[in-house]
Amino acid sequence: MTISRFFNNALLHNGGFRRPNLVPFDKFKPDNYLKMLDYLETIERIDPSRIKFGDEKYLKGQDLYNRKVRRDPITSVIPPTFTNGDFRNTYAVTGFCGIDRYSSPVRYNLHEEKNGANEFALQLRMAIASGFFCPGDVLVLDNASIHNGDISNLEEWLYDTVGVLLVFLLARSPELNPIEQVWKILVNKLQRVPLGVMRSAVSHACAHAAIEILSTITHEEVEGCYRHCNYL
């Protein structure tokens with residue numbers, strides 16, 4: 001038995017080579033550790049149902065169509081996957097999530113343009129106008145520049161406008177943002193959409209499928225995302 005075969009089969013878990021997570025070493029600097037403690041201390045005082053998270057996501061049509069196929073064992077030919085030209089399209093999603101039963105679990109907007117400060121500010125204003133945010137809510141965002149670009153002093157503006165407290169995540173801490181898990185749900189479900197259904201769409205198949213998936217994500221699924229990030 002070769003060493004590779006031993007690591008793959010002889011132990012409890014497959015010991016083959018895997019692509020590792022990349023963790024920046026500066027994430028563990030002492031000042032970042034203190035900021036982490038401060039963030040956790042702040043969040044622990046807040047009812048999780050009042051905490052809402054925001055972020056952006058890019059979707060590529062090719063991610064939807066790129067399914068694994070079996071190589072022909074005799075000819076070694078890998079059969080092609082036939083698609084329409086839709087697989088070249090790229091979309092951006094701006095979204096917010098929460099577990100408050102008085103609002104939808106996911107508020108989102110999908111568009112073809114790139115996410116930017118103007119788009120984020122627009123979607124934040126629309127979320128406020130729709131009643132997604134209520135006085136006393138807490139909005140948690142990462143430190144992306146687009147979250148501060150279009151509205152000067154966003155923290156003060158949010159509190160004065162609708163009574164929402166703004167809290168920023170630590171740098172390089174996506175594991176603390178449940179909406180990252182919502183994006184994973186979206187991608188996983190997109191990859192299970194039958195290709196026949198996608199080919200039958202006239203255009204923008206990826207966008208239509210993403211909208212349907214995001215519209216049907218439940219409070220229970222988002223609660224699972226909160227639980228994954230240890231907010232519940």
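Helices (DSSP runs of H or I, at least four residues) and strands (runs of E, at least two residues) are numbered here from the N terminus. The structure is a predicted model, in which local features need pLDDT of at least 70 and side-chain atom pairs count only at pLDDT 80 or more, whereas totals for chains, interfaces and linings use all residues. Residues are numbered from 1 along each chain as its sequence is written, and side-chain values use heavy atoms, with hydrogens and water left out.

The chain contains 9 helices and 5 strands, which follow one another from the N terminus in the order α-α-β-α-β-β-α-β-α-β-α-α-α-α. Of its 232 residues, 38% are buried, a term that denotes under 20% relative accessible area, with exposed meaning over 50% and partly exposed in between (1.4 Å probe, protein chains only). Among the contacts (heavy atoms within 4.5 Å) in the chain with a separation of 6 or more, 75% are accounted for by residues 24 or more positions apart. The chain exposes about 14,300 Å², of which carbon and sulfur atoms supply 55%, the accessible areas being computed by the Shrake-Rupley method with a 1.4 Å probe, and for residues only the protein chains shown count as cover.

Helix 5, which spans residues 154-162, has Leu154, Leu158 and Val162 as buried residues. Seen down the axis of helix 5, these buried residues fall within an arc of 35°, so they line one face of the helix; the arc is that of the directions from the helix axis to the C-beta atoms. An α-helix has 3.6 residues a turn, so residues three or four places apart point the same way. The buried residues of helix 5 pack against helix 4 (117-129), strand 4 (138-141) and strand 5 (165-168), while Tyr159 and Asp160 are exposed on the other side of helix 5. Just after helix 5, Gly163 adopts a positive phi of about 75°.

His219 lies in helix 9 (residues 219-228) and is buried, with a relative accessibility of 14%. When residues up to four places away in sequence are not counted, His219 touches Gly98, Ile99, Asp100, Arg101, Ser103, Ser104 and Pro105. A polar atom of the His219 side chain lies 2.8 Å from the backbone oxygen of Ser103, and the backbone oxygen of Asp100 lies 3.2 Å from a polar atom of that side chain.

As for cysteines, a search of the whole structure finds 0 disulfides, a disulfide being a pair of cysteine sulfur atoms within 2.5 Å. Cys206 is buried at a relative accessible area of 1%, whereas Cys134 is partly exposed at 28% relative accessibility.

Methods
Polar contact = N/O pair within 3.5 Å; in protein donor to acceptor, adjacent residues only side chain to side chain.
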